[in-house]
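My notes follow the structure.

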Amino acid sequence: MSYADVNGISLYYEEHGSGQPLILLHGGYGTGDMYAAIMPSLASGRRVIAVDLQGHGRTADVDRPLSFQTMGDDIAALIRHLGQPQADVMGYSFGAGTALRTAIQHPDLVRRLVIVSHPVRHDGWFPQSLAGFDQMGPAFAEAMKQSPIYEAYARVAPRVEDWPVLVDKMGTLLRQDYDWSAEVAEITAPVMLVYGDADSVWPAHIAEFYALLGGGLRDANWDGSARPAARLAILPGHTHYDISFSADLPHAVIPFLDAPSLDPPPPMGQ
């Protein structure tokens with residue numbers, strides 16, 4: 001259990017295992033603890049750094065808006081704080097937005113990137129999800145006090161009275177329009193996209209996002225020589241709300257993280 005003083009924030013993180021570092025970023029209102037069920041799998045053979053992002057869990061909020069761009073800078077600063085030239089970065093939902101911005105803004109620091117259940121454009125979310133973002137305000141904050149999400153927050157938050165502030169900031173962030181499609185080209189790391197087959201993101205948008213990474217644009221050839229470095233996994237029987245703690249998630253991403261190379265093989269005969 002440690003804190004890194006970066007960018008004016010005291011960022012909480014926990015380390016598990018040893019080996020190639022993997023920065024693990026949680027979903028909205030959560031903490032690094034949300035990965036407890038799959039942490040043994042993820043930390044087997046690698047050093048997992050599970051972070052509590054701004055205003056979440058054990059990381060106290062500061063006087064700045066919640067911004068994927070700013071939190072991306074926080075994670076880049078954390079990688080440098082840890083003395084690592086590069087790290088793998090994996091995020092789910094809210095954490096995936098942060099992971100994506102980290103790789104766009106600091107491509108030299110990210111070795112491999114895993115995006116779980118997050119679109120590259122705001123309108124990639126289903127209308128029901130967008131409507132949910134619209135509800136994030138004072139009434140929502142009060143109603144959530146009866147939920148397990150609030151109970152988990154209240155157990156560890158340094159200032160429990162900041163709960164309404166977090167909900168308000170989250171609503172403001174998630175209602176903002178964005179389109180990072182053009183910026184995906186800045187990413188130099190191989191990318192894996194992971195979604196449930198009943199996720200909160202349009203399937204057509206998932207295909208579009210994958211295409212931006214060079215995937216799904218042509219046949220891979222019988223020898224695999226024309227396949228992209230990017231990977232896509234659709235996990236059957238999963239939704240946006242259970243994918244982050246499913247055993248199917250590490251089973252999907254560990255081969256991507258562990259592969260010696262993700263480059264396609266040369267054409268046969270060359």
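I began with the strand pairing: E3 (residues 20–25) runs parallel to E4, joined by six bridges. I noted the terms: helices (H or I, at least four residues) and strands (E, at least two) are DSSP runs, numbered from the N terminus. Two strands pair if DSSP finds at least two bridges between them.

The model is predicted: local features need pLDDT of at least 70, side-chain atom pairs count only at pLDDT 80 or more, and totals for chains, interfaces and linings use all residues. Residues are numbered from 1 along each chain as its sequence is written, and side-chain values use heavy atoms, with hydrogens and water left out.

Next I checked E2 (residues 9–16), which pairs with E4 in the antiparallel sense over five bridges. There, glutamate 15 is bridged to isoleucine 49 of E4.

Is E4 buried or exposed? Seven of the seven residues of E4 (residues 46–52) are buried, so the strand is largely enclosed by the rest of the structure. Buried means under 20% relative accessible area, exposed over 50%, partly exposed in between (1.4 Å probe, protein chains only).

Then I turned to valine 184, in the loop between helix H7 (163–174) and strand E7 (191–198). Valine 184 counts as buried because its relative accessibility is 3%. Leaving out residues up to four places away in sequence, valine 184 touches Val120, Phe209, Leu212 and Leu213 (contact means heavy atoms within 4.5 Å).
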